[in-house]
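Please keep the sequence and the coordinates at hand while reading.

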Amino acid sequence: MSVDSMIGQWGITCSTQRPTTTRDSTGGIINTYTTALTAVTVFLQQGSGAESDVLGAQRNTLTATGYCLLGTDIQPQDRLLNGTTYWDIQEVRTPDERSQADGVAHMRLALTRILPL
């Protein structure tokens, strides 16, 4: 089975959000997310989970790998949004650096999600 057929058969439809960085009155950085793509199909495979301290509080950190079609407008630091669930995109890779969209060409996304305990 080719990667693009797995994306088509088992993928979920998400929207992507892209951050816009501004500064507040004290110079702190504020990220505001706006919708970049309204319908992108991503095949998600959840990885592992771990507990960590984030901003002074314990959190559950989940990891996943996402697969989408080659040429999808997704960048690191974007978010995938499905309903009320979002995944932060840490890395975007094109395995084998394929230049054309054949059945094996795809983009691989490294995703994380942080939840309160």
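The sections below treat the model and its confidence, the fold, the core, the charged pairs, the cysteines and selected loop positions.

## Basis and confidence

The structure is a predicted model, in which local features need pLDDT of at least 70 and side-chain atom pairs count only at pLDDT 80 or more, while totals for chains, interfaces and linings use all residues. Residues are numbered from 1 along each chain as its sequence is written, and side-chain values use heavy atoms, with hydrogens and water left out.

The predictor's confidence in each residue is given as pLDDT, on a scale from 0 to 100. For the protein chain the mean pLDDT is 84, and 85% of the residues reach 70 or more. Confidence is lowest in strand 2, with a mean of 83, and highest in strand 5, at 92. Where pLDDT is low, the predicted coordinates should not be read in detail.

## Fold

The protein chain contains 1 helix and 6 strands, arranged from the N terminus as α-β-β-β-β-β-β. Helices (H or I, at least four residues) and strands (E, at least two) are DSSP runs, numbered from the N terminus. Among contacts in the protein chain with a separation of 6 or more, 56% are between residues 24 or more positions apart; contact means heavy atoms within 4.5 Å.

Strand 4 and strand 5 pair in the antiparallel sense over 4 bridges, where pairing requires that DSSP finds at least two bridges between the strands. Asparagine 82 has threonine 85, in strand 5, as its bridge partner. The hairpin of these strands has 2 residues between them, and glycine 83 takes a positive phi near 70° there.

Of the 117 residues of the protein chain, 26% count as buried. Buried denotes under 20% relative accessible area, exposed over 50%, and partly exposed the range in between (1.4 Å probe, protein chains only). A nonpolar core is a set of buried Ala, Val, Leu, Ile, Met, Phe, Trp, Tyr and Cys residues joined through side-chain atoms within 4.5 Å. The largest such core has 13 residues, and Ile74, Leu80, Leu109 and Leu111 have the most contacts inside it. Strand 2 (29-54), strand 3, strand 5 (85-93) and strand 6 (107-116) each supply at least two residues of this core.

Leucine 37 lies in strand 2 and, at 24% relative accessibility, counts as partly exposed. Leaving aside neighbours within four places in sequence, leucine 37 is in contact with Ser15, Thr16, Thr72 and Asp73. Leucine 37 and aspartate 73 are 36 residues apart in sequence and 7.8 Å apart in space, C-alpha to C-alpha.

## Salt bridges

Side chains of opposite charge can pair when their charged atoms come close. A salt bridge is defined here as a side-chain nitrogen of Lys or Arg within 4 Å of a carboxyl oxygen of Asp or Glu, and the count by this rule is 4. One of them joins aspartate 78 and arginine 18, with the closest N and O atoms 2.8 Å apart. Aspartate 78 lies in the loop between strand 3 and strand 4 and arginine 18 in strand 1 (residues 12-23), so the pair ties together parts that are 60 residues apart in sequence. Aspartate 78 is buried, at 1% relative accessibility. Arg18, Asp73 and Asp78 are linked in a network of salt bridges.

Arginine 79 and aspartate 88 also form a salt bridge (3.2 Å, N to O), and arginine 79 is buried, with a relative accessible area of 18%. In the salt bridge of arginine 93 with glutamate 91, the closest N and O atoms are 3.4 Å apart. Arginine 93 is partly exposed at 40%, and glutamate 91 is partly exposed at 36%.

## Cysteines

The model has 0 disulfides, a disulfide being a pair of cysteine sulfur atoms within 2.5 Å. The sulfur of cysteine 14 is 10.0 Å from the closest cysteine sulfur, in cysteine 68, which is too far for a bond. Cysteine 14 is buried, with a relative accessible area of 4%, and cysteine 68 is buried at 0%.

## A loop position with positive phi

Glutamine 77 has a positive phi of about 80° although it is not a glycine. Glutamine 77 is placed in the loop between strand 3 (57-68) and strand 4 (79-82), and is exposed, with a relative accessible area of 57%.
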